[in-house]
Amino acid sequence: MRLPIFMLFCCAALAACATKAPVLPGSKYMVIVEKTPFYKYGPAQTFGADFQLLKDQRVTMIQRSFGYSRVMTADGVTGFVPSDDLGLAPPEPVVRATPAPKFGGLFSGKPKRSNVESTPGSPLFDTSEFPAAPLPDKPEPKGPPKPAPRFRF
């Protein structure tokens with residue numbers, strides 16, 4: 001008779017000691033109350049809360065503990081908030097990448113041949129409205145031509 005009562009007591013004790021699944025660092029949580037205080041250095045700091053987090057604001061869990069948990073806000077500020085004011089956040093919606101548009105323009109498909117005939121003497125790639133300035137001619141040398149240098153040993 002004592003053995004079943006003892007086993008029932010042990011099962012009840014183990015069930016009471018069972019904790020929630022461990023929280024992995026980096027888990028996403030959100031505030032489930034209207035406002036919750038945020039303490040940068042801990043809840044025992046003498047000057048009170050630094051600011052308040054509003055309902056549905058997402059935070060990243062750094063360390064969950066009894067009473068206050070250490071979290072990081074979306075802008076990178078770490079601090080402590082009451083653990084009871086946080087709940088698991090639903091997964092963020094997945095943003096699907098849109099495929100790049102397919103252009104059927106200049107560089108698609110088989111290269112096309114041009115029906116433009118070349119004009120002799122015209123520049124090859126002159127695309128401006130105005131013709132290119134002519135290159136300057138070599139100036140005429142003044143005086144007699146200089147003799148070519150001779151070979152020296």
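These legends accompany close-up views of one predicted model.

View 1. The model is predicted. From the N terminus on, the elements run α-β-β-β-β-β-β-β. The protein chain has 153 residues, and buried residues make up 16% of them.

**View 2. An open sheet of 5 strands.** The order of the strands is E6-E5-E4-E1-E7. Their pairing is antiparallel. Strand E6 (78-82) and strand E7 (86-88) stand at the edges. Each of these two has a single partner strand, so one side of each is left without a neighbour in the sheet. From one strand to the next, the twist averages 50°.

**View 3. Strand E1 between E4 and E7 in the sheet order.** E1 covers residues 28-31, and E4 covers residues 58-63. On one side, 3 bridges join E1 to E4. On the other, 3 bridges join E1 to E7. E1 runs antiparallel to E4 and also antiparallel to E7. Tyr29 has Val59 in E4 as its bridge partner. Met30 stands opposite Gly87 in E7. Val31 stands opposite Leu86, also in E7. In a regular strand, side chains alternate between the two faces of the sheet.

**View 4. The largest nonpolar core.** This core has 9 residues in all. They are Tyr29, Val31, Phe38, Leu53, Val59, Met61, Val71, Val81 and Leu86. Strands E1 and E4 each supply at least two residues of the core. Two facing pairs from the sheet belong to it: Tyr29 with Val59, and Val31 with Leu86.

**View 5. Val59 and its contacts.** Val59 is a member of the largest nonpolar core. Leaving aside residues up to four places away in sequence, Val59 touches Ser27, Lys28, Tyr29, Leu53, Val71, Met72, Thr73 and Leu86. Among these contacts, Tyr29, Leu53, Val71 and Leu86 are core residues too. Tyr29 is also the bridge partner of Val59.

**View 6. Asp85, a buried residue in the loop between E6 and E7.** Asp85 has a relative accessible area of 16%. That value makes it buried, because the cut-off is under 20%. The side chain of Asp85 makes a polar contact with the side chain of Thr36, at 2.7 Å. Not counting residues up to four places away in sequence, Asp85 touches Met30, Val31, Ile32, Val33, Thr36 and Pro37. Tyr29 lies 56 residues from Asp85 along the chain. The C-alpha atoms of Asp85 and Tyr29 are separated by 9.9 Å.

**View 7. Ser83 in the loop between E6 and E7.** Ser83 counts as buried, at 4% relative accessibility. The side chain of Ser83 makes a polar contact with the side chain of Ser69, at 2.6 Å. Beyond residues up to four places away in sequence, Ser83 touches Arg64, Ser65, Gly67, Tyr68 and Ser69. Asp85 lies in the loop between E6 and E7 as well, but its side chain makes a polar contact with that of Thr36.

Key:
Residues are numbered from 1 along each chain as its sequence is written. This is a predicted model: local features need pLDDT of at least 70, side-chain atom pairs count only at pLDDT 80 or more; totals for chains, interfaces and linings use all residues. Side-chain values use heavy atoms; hydrogens and water are left out. A nonpolar core is a set of buried Ala, Val, Leu, Ile, Met, Phe, Trp, Tyr and Cys residues joined through side-chain atoms within 4.5 Å. Buried means under 20% relative accessible area, exposed over 50%, partly exposed in between (1.4 Å probe, protein chains only). Helices (H or I, at least four residues) and strands (E, at least two) are DSSP runs, numbered from the N terminus. Contact means heavy atoms within 4.5 Å. Two strands pair if DSSP finds at least two bridges between them. Axes are lines fitted to C-alpha atoms, for helices over the stretch in contact, and angles run from 0 to 180 degrees between N-to-C directions. A polar contact is a pair of N or O atoms within 3.5 Å; within protein, one must be able to donate a hydrogen and the other to accept it, and residues adjacent in sequence count only if both atoms are side-chain atoms.
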